[in-house]
Structure formats: C-alpha cells, structure tokens
Amino acid sequence: KTNKYLMMIYRKIVNQPRPTFGQFVDYLLRTSVEDYNDHWLPYWLHCHFCKQNFNVVAKFETIKEDTKYIEELTGLKKQNIQFPWANKKDTVSNVSLEYFKDINREKT
C-alpha cells in the first residue's frame, strides 16, 4: 500500500522542475519553522548539539583526513581498526561553498 502511494506521488513530481538552492533557501526563510518538513528542521531542534563536549568536529567532505587525525589523536591507529566507509570522491572542492556562493549574505 505504501509503495503504491509513493509511486503515485513520484509520478506527479518526477517531471516538475526542481528549485535551485537559492529558491529553496528563500522558501525556508518565508516559511515558519513549525511548518518545516522534518528533514529541513534546524539541527538544534533535533538534538542537543550545544550540550555535547566535542574534542573534534569532522565533516564528510574531508572524512579521510579527519579520520586519520582522530585515529592518531585517540590511539586507534595502533590497533589497526578500519572504518567501513570513506568518501570515494576524494574531491578538493568545498561542496558547501558551491551551494552557498549564490546566496545573499543577509540570508546566511
């Protein structure tokens, strides 16, 4: 039943033009946070990130380098533990910068 419903929705939206990142940001700025889809809620509403005491903050764009640093910092490198995933793109570009470069500074 759920599969049929999803297929019906997909057929309706598959040919719809997708908004640009800037248009999406404009939509979010015009919309009350209470009306956001769960996927778009600010992260601070999902967790208590600020209450955590982190020593390292890593990101997916640099996960390979960040993992090496964490292994050295924690001594895990000596135990030869392999992480199951690595960013295979191995890109040097900043993905976030690509999305935000066209966004008006007042919106960020």
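Which residues do ring pairs link into a cluster? Select F21, Y99 and F100: those are the ones. Hold that view while we sort out the ground rules.

You're looking at a predicted model, where local features need pLDDT of at least 70, side-chain atom pairs count only at pLDDT 80 or more, and totals for chains, interfaces and linings use all residues. Residues are numbered from 1 along each chain as its sequence is written, and side-chain values use heavy atoms, with hydrogens and water left out.

**Whole chain**

Zoom out and switch to cartoon. You'll find five helices and zero strands, with the elements running α-α-α-α-α from the N terminus. Helices here are DSSP runs (H or I, at least four residues), strands likewise (E, at least two), numbered from the N terminus.

Now colour by accessibility. Of the 108 residues, 11% are buried, meaning under 20% relative accessible area; exposed is over 50%, and partly exposed is in between (1.4 Å probe, protein chains only). As a surface, the protein exposes about 10,400 Å², with carbon and sulfur atoms supplying 55% of it; the areas come from the Shrake-Rupley method with a 1.4 Å probe.

**Helix α1**

Select residues 2–13. This is α1, with 12 residues, and it reaches 17 Å from its first C-alpha to its last, close to the 16 Å expected at 1.5 Å a residue. That expected span is 1.5 Å times one less than the number of residues. The number of buried residues among those 12 is zero, so α1 lies largely in the open.

**Aromatic pairs**

Show the Phe, Tyr and Trp rings. Rings pair if their centres lie within 6.5 Å (six-membered ring for Trp); planes under 30 degrees apart are stacked, over 60 edge-to-face, and the rest tilted. A search of the whole structure turns up four such pairs.

Go back to F21 and F100: the ring centres are 5.1 Å apart and the planes sit at 80°, so this pair is edge-to-face. It links distant parts of the chain, as F21 is in helix α2 (residues 21–30) and F100 in helix α5 (residues 95–100), 79 residues apart. F21 is partly exposed at 27% relative accessibility, and F100 is partly exposed too, at 43%.

Next, pick F24 and W40. This aromatic pair is also edge-to-face, 5.3 Å centre to centre with 75° between the planes. F24 lies in helix α2 and W40 in the loop between α2 and α3 (43–46), so the pair ties together parts 16 residues apart in sequence. F24 counts as partly exposed at 22%, as does W40 at 35%.
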